[in-house]
Amino acid sequence: MPLSVAAGIYRKKYWAVIGADDLPRGVELDARLRSVGALPNPQVPAFTELGMRLGWGARRHLEVALIGDDLLHDRHPEFNPTAAGFEEFERSVRAVVTARF
């Protein structure tokens with residue numbers, strides 16, 4: 001029996017839909033929608049969240065991207081065994097520039 005089941009932290013429900021598309025002019029769009037069931041012990045509520053990435057290959061060795069995580073809610077708890085059972089995750093959006101040499 002896995003440790004997570006023995007410790008009572010097994011989730012009965014989890015699903016994810018992941019998609020990626022190459023758009024015109026070097027633009028890429030990636031998305032991940034996931035739903036995670038509640039935990040009884042420690043008590044952590046169920047949640048559904050969306051992450052997205054819009055990237056553009058500006059040059060051969062240069063990429064610019066806008067990345068958003070946990071976009072559906074301001075915040076939600078997720079299980080974390082080192083943080084007294086759960087940890088709050090907040091919505092985040094960031095811009096990333098990647099240069100390859």
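Is Arg94 buried, partly exposed or exposed, and what is its relative accessible area? I looked it up: Arg94 is partly exposed, at 38% (buried means under 20% relative accessible area, exposed over 50%, partly exposed in between, with a 1.4 Å probe and protein chains only).

A note on my source: this is a predicted model, where local features need pLDDT of at least 70 and side-chain atom pairs count only at pLDDT 80 or more, while totals for chains, interfaces and linings use all residues. Residues are numbered from 1 along each chain as its sequence is written, and side-chain values use heavy atoms, leaving out hydrogens and water.

Next I followed the side chain of Arg94 to Asp69, and found a salt bridge of 2.8 Å, N to O (a side-chain nitrogen of Lys or Arg within 4 Å of a carboxyl oxygen of Asp or Glu). Arg94 sits in strand S7 and Asp69 in strand S4, 25 residues apart (strands are DSSP runs of E, at least two residues, numbered from the N terminus). Asp69 is partly exposed too, at 23%.

Then I checked Asp70, which meets Arg34 in a salt bridge of 3.9 Å. Asp70 lies in the loop between S4 and S5 and Arg34 in S2, so this pair ties together parts 36 residues apart in sequence. Asp70 counts as buried at 9%, and Arg34 does as well at 13%.

Last, I looked at strand pairing (at least two DSSP bridges between two strands). S1 and S2 run antiparallel, joined by ten bridges. Ile18 has Arg32 as its bridge partner in S2, and Arg32 in turn has Gly51 in S3.

Terms used. Helices (H or I, at least four residues) and strands (E, at least two) are DSSP runs, numbered from the N terminus.
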